[in-house]
Amino acid sequence: MKEAMDNSLPLQLSHVRKSISIINRTYTLIHSTALTALLYYRVSFFFQNPETRSHTPTIPWLLVFSGELILSFIWLLGQAYRWRYVTRTSFPERLPDDKHLPAIDVIICTADPKREPTFGVMNTVISAMALDYPREKLHVYVSDDGGSSVTLYGMKEAWAFARLWLPFCCTHGIKTRCPEVYFSGAEDDEDGELRGNEFLEERQKIKIEFELFRERVMRANENCGAGGDSINGDHPPIIEVIGEEEAEMPILVYVSREKRPSHPHHFKAGALNVLLRVSSMISNSPYILVLDCDMYCNDQSSARQAMCCHLDPKLSPSLAFVQFPQIFHNISSNDIYDSLIRSAFTTGWEGMDGLDGPVLSGTGFYMKRVALYGTSIQDDTNLTELRRSFGYSDEFIKSLSQKYKPNISNGHDSLAAILREAQLLASCQFETQTKWGEEVGFLYHSVCEDVLTGYNLHCKGWTSVLCLPSKPQFLGSSITNLNDLLVQNTRCASGLVDIGISKFCPFLYGPLKTSFLQNICYAELSFFPFYFLPVWCFATIPQLCLFNGIPLYPEVSSSFFIVFAFIFLSALSKHLWEVISTGGSIQTWSNEQRIWMIKSVTSYLYGSLDAIMKRFGMRKASFSPTNKVSDSDRVKLYQMGKFDFRISKAVLTSMVTLVVLNMAAFIAGVARVILFGNWEKPLMQVLLSLYILIMGSPVLEGMIVRKDKGRIPYSITLFSVLLALVILNLGSVVLLY
């Protein structure tokens with residue numbers, strides 16, 4: 001009776017947030033009307049009397065107009081996210097019995113034990129092994145793209161500790177399954193004092209074993225960093241199965257694909273495709289959980305939450321993946337670097353969930369394996385065509401059938417044969433003349449392989465959902481210094497522009513393959529880095545004109561002044577409303593505004609140039625893992641809410657020069673008003689410079705006030721002042737005459 005009742009109840013429900021959608025659509029209509037009036041004002045300039053027009057140079061007017069057009073266009077694309085907000089509720093208690101649940105392969109990627117400490121990676125591994133899911137249906141794979149023996153050693157140590165840790169968690173119902181977090185006391189929800197002495201004694205024994213485990217792994221990591229074995233870019237495939245004989249434990253598999261300097265390895269996408277093939281030989285689970293090495297399982301129920309969507313009869317036929325948001329455990333109360341990425345997961349991804357589904361976000365997603373195999377596994381596809389798509393491994397082609405169930409517990413000979421085939425699948429020659437990375441698996445055309453792969457899946461008719469439980473299912477380590485932030489965002493910007501200027505450009509590739517609004521969301525994402533164009537324009541051109549006493553905006557008495565003021569204030573107010581309504585504060589709003597401007601003039605610029613240079617063969621694609629090693633000095637500055645300006649000199653110089661330029665323009669504009677009056681004409685340019693200076697106050701503080709290690713060096717300040725003077729003089733000649 002219970003089973004019949006459960007089958008009649010939905011596993012998940014979605015709810016459209018109508019009030020927010022109505023507010024967003026109304027705002028879009030009003031703001032678009034104001035933008036139309038702005039465009040009319042700019043265009044009408046060219047039809048004015050030549051004598052009237054002669055007072056304003058054409059070049060700066062055209063540049064500012066171009067910036068406004070680009071800014072308006074990207075803004076308009078971004079409204080697609082806000083068209084239809086959806087929230088979901090899942091009901092794990094309605095899932096079928098454990099014996100009817102599908103198996104899951106967990107894939108964890110790491111690349112460099114120096115930048116991604118092995119002990120942290122192993123905590124992620126153990127937390128994945130401890131998910132609340134049938135042990136025999138859980139298989140954990142670690143992709144070691146560095147080929148480091150310390151990672152393999154750490155996995156063996158992790159397995160040994162997990163044999164104690166998993167029974168302890170199951171017996172006592174431990175909620176926090178990441179041992180480092182549990183024993184650090186960061187999650188004080190286990191009610192240890194209420195469980196009795198027997199529990200406390202067992203807990204103490206487990207803690208002692210954990211400390212020994214930590215000591216052994218960290219010592220091995222230190223030896224690696226002191227000149228021992230580190231990453232190796234030239235080695236054969238290495239695959240080792242740990243614990244295949246333990247039926248009550250998830251198997252743990254170490255995979256280091258073959259690396260040869262003469263062969264492209266396609267970064268993370270290449271590693272994921274190797275894991276996709278290798279796992280098909282060993283477990284071939286129909287669903288795959290992909291995690292970054294620092295993104296540990298914070299709640300043990302994520303697999304069941306995801307299965308509520310994957311097994312829902314209404315969603316399942318077209319559902320490719322369930323995406324969980326990226327949430328971080330080391331965010332400060334101020335969060336000066338906007339490390340929370342609030343706008344992506346609470347605005348963008350929730351909005352896309354109301355369309356065809358959110359973007360594939362690199363980590364924390366449960367993927368349906370068959371979705372990654374493309375359209376090449378139809379029932380009538382012949383063997384020759386399958387080999388052209390998937391490579392010349394008949395064993396792998398057999399695994400394409402959902403009925404294929406490998407069995408590694410049939411003895412040593414059976415496992416050895418499977419591993420030999422898996423090593424072939426992990427060789428760098430295997431993908432030659434196949435469709436891997438082109439149509440099959442994770443795609444290779446961008447370093448943002450997640451976004452591109454998700455877009456391609458949506459264009460093939462697949463959908464996705466965002467799962468957002470009240471308790472974060474996964475927690476990772478966020479960036480806590482400006483240098484790593486800008487490096488990561490430069491790489492991300494390059495990958496997004498890669499998509500925008502490739503054959504997958506959403507304006508060309510997707511209009512007939514996916515819904516209109518879904519495609520517009522991807523278009524905004526692909527061209528988002530082009531914000532650098534209007535931001536650089538608005539940070540320089542109006543200031544140069546203000547410095548020389550030339551107005552570019554309507555005077556206060558003009559009705560068009562109200563239009564410009566309304567557009568500026570409504571954009572800021574709408575952003576503030578979104579921040580407040582999602583639990584943020586005014587400080588959060590100002591931090592997001594500031595970091596968006598900093599990224600625009602640095603990361604988005606350099607990332608876009610990098611993508612364009614790669615497109616024309618002037619530069620090779622590169623990828624460096626984000627540094628997961630904490631620097632106590634940098635973390636302290638972050639916690640204090642102070643920017644750490646120990647970044648590239650070229651990047652820092654551009655930031656400081658723009659602040660100095662705006663300071664000079666602001667002082668000159670105020671001086672002109674005081675000396676000559678007529679404050680109505682330059683007011684908008686003065687206020688624009690003032691706003692940039694307010695947003696750039698950390699730069700001013702770093703230049704003038706601060707004396708700590710994270711300050712801006714005096715040499716950079718002096719050089720930036722000289723550069724700003726040169727720009728002011730050149731601007732007077734080039735732009736104004």
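Two strands pair if DSSP finds at least two bridges between them. Helices (H or I, at least four residues) and strands (E, at least two) are DSSP runs, numbered from the N terminus.

This is a predicted model: local features need pLDDT of at least 70, side-chain atom pairs count only at pLDDT 80 or more, and totals for chains, interfaces and linings use all residues. Residues are numbered from 1 along each chain as its sequence is written, and side-chain values use heavy atoms, with hydrogens and water left out.

**View 1. A parallel pair of strands, β10 and β13.** Strand β13 covers residues 474-476 and pairs with β10 over two bridges. I327 has L475 in β13 as its bridge partner. Strands of a sheet pair through backbone hydrogen bonds, either parallel or antiparallel.

**View 2. An open sheet of three strands.** The order is β8-β13-β10, and the pairing is mixed. At the edges are β8 (296-297) and β10 (327-328), each of which pairs on one side only.

**View 3. S603, in helix α22.** The helix runs over residues 603-615. S603 counts as buried because its relative accessibility is 1%; buried means under 20% relative accessible area, exposed over 50%, and partly exposed in between (1.4 Å probe, protein chains only). Leaving aside residues up to four places away in sequence, S603 touches L486, N489, T490, A493 and I598. Contact here means heavy atoms within 4.5 Å. L637 is 34 residues from S603 along the chain, and their C-alpha atoms are separated by 21 Å.

**View 4. A nonpolar patch on the surface.** F719, L723, V726, L730, V733 and V734 form the patch, with about 540 Å² of accessible area together. Patches are made of residues with over 30% relative accessible area and no salt bridge; like charges are joined within 9 Å, nonpolar side chains (Val, Leu, Ile, Met, Phe, Trp, Tyr) within 5 Å. A salt bridge is a side-chain nitrogen of Lys or Arg within 4 Å of a carboxyl oxygen of Asp or Glu. Accessible areas come from the Shrake-Rupley method with a 1.4 Å probe; for residues, only the protein chains shown count as cover. V734 lies in helix α27 (residues 714-734). At 51% relative accessibility, V734 is classed as exposed.

**View 5. The setting: a protein chain with 27 helices and 13 strands.** Along its principal axes, the C-alpha trace of the protein chain spans about 90 × 60 × 55 Å. Of its 737 residues, 56% count as buried.
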